[in-house]
Amino acid sequence: MLNKVLAFCEEHGLLAHGSSLVVAVSGGADSMALLDLLLHLQERRALSLHVAHFEHGIRGEASREDADYVAAFCRARGVACSVEAADVPRYAKERRMSLETAARELRYAFLRRVKACVGAQMIAVAHHADDQAETVLQHILRGAGLHGLVGMRPRTGDVVRPLLDCTKEELVAYCAAHGIEVRHDATNDAAEARRNYLRLEILPRLAAHVNASAGAALVRLAEAARADDALLDEMAHAAFSRVVCG
């Protein structure tokens, strides 16, 4: 797994030697695997790591226990950790937005505050291949064009996704194999949320009745779309340069 992640990062230029990263860690299998892998790469790549945990105020005591767990894990590993709590339900209600959108907005605002405070260069998040499949399917259902079919990129601005080539199954197995305790967010089990519905209902049905490798097929679609999108960008820039330069 370590070599796979390192190869992906080198292919996409995600972890330059001496990089300073804020690592978003919820306590779930995805982010705990990300943190452990980055810790294993820390010396090899001269990485500076600072963990950031955002407590959404949605699950009461359970989410406070998540925050305590992440903080304790970081203390045991000697990793700096910032924790912040917010009332996402109230924020969502005041702005008439979904809990999912509100949580994302507040979480990334927090991550960028931590990044600025510690002087980090990038934010590392634990999006993986299954997340990519969900994103691409969501974009298809919205009627996305080529750009939307790209889904999540390995790097978007100051956000890097070192695990985008790994499946959820691989990450869960990694944590189990390395004795890493993980927390479970019960809100991920609620099919009422649009993204959860795709993950819990639609993708399993597609796998059962249409294509057993539906998730992997969506990931391949994203990779093909990314290559095509990059080529079109290059062609457009070249054409623009010819016009400007005469």
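Author: Start at Asp-229. Asp-229 touches Leu-146, His-147, Val-150 and Arg-153, not counting residues up to four places away in sequence. Touching, or contact, means heavy atoms within 4.5 Å. This is a predicted model, where local features need pLDDT of at least 70 and side-chain atom pairs count only at pLDDT 80 or more, while totals for chains, interfaces and linings use all residues. Residues are numbered from 1 along each chain as its sequence is written, and side-chain values use heavy atoms, leaving out hydrogens and water.

Asp-229 sits in helix α10 (residues 214-245). Helices (H or I, at least four residues) and strands (E, at least two) are DSSP runs, numbered from the N terminus. Asp-229 has a relative accessible area of 9%, so it is buried. Buried means under 20% relative accessible area, exposed over 50%, and partly exposed in between (1.4 Å probe, protein chains only). Leu-149 is 80 residues away from Asp-229 along the chain, yet their C-alpha atoms are separated by 9.4 Å.

Next, the sheet. Six strands make an open, mixed sheet, in the order β3-β2-β1-β4-β6-β5. Strands pair if DSSP finds at least two bridges between them. β3 (80-85) and β5 (155-156) each have a single partner strand, so one side of each has no neighbour in the sheet. β5 runs antiparallel to β6 (residues 159-160), and two bridges join them. There, Arg-155 stands opposite Val-160 in β6. Helix α5 (residues 99-118) packs on the sheet and touches β1 (20-24), β2 (48-55), β3, β4 (122-124) and β6.

Now helix α1 (residues 2-12). Its buried residues are Val-5, Leu-6, Phe-8 and Cys-9. Helix α2 is included in what covers the buried residues of α1.

Helix α2 (residues 29-45) also packs against α8 (residues 168-177), at an angle of about 65° and with axes 9 Å apart. Axes are lines fitted to C-alpha atoms, for helices over the stretch in contact; angles run from 0 to 180 degrees between N-to-C directions. Among the residues that meet are Met-32 and Leu-37 in α2, and Leu-171 and Val-172 in α8.
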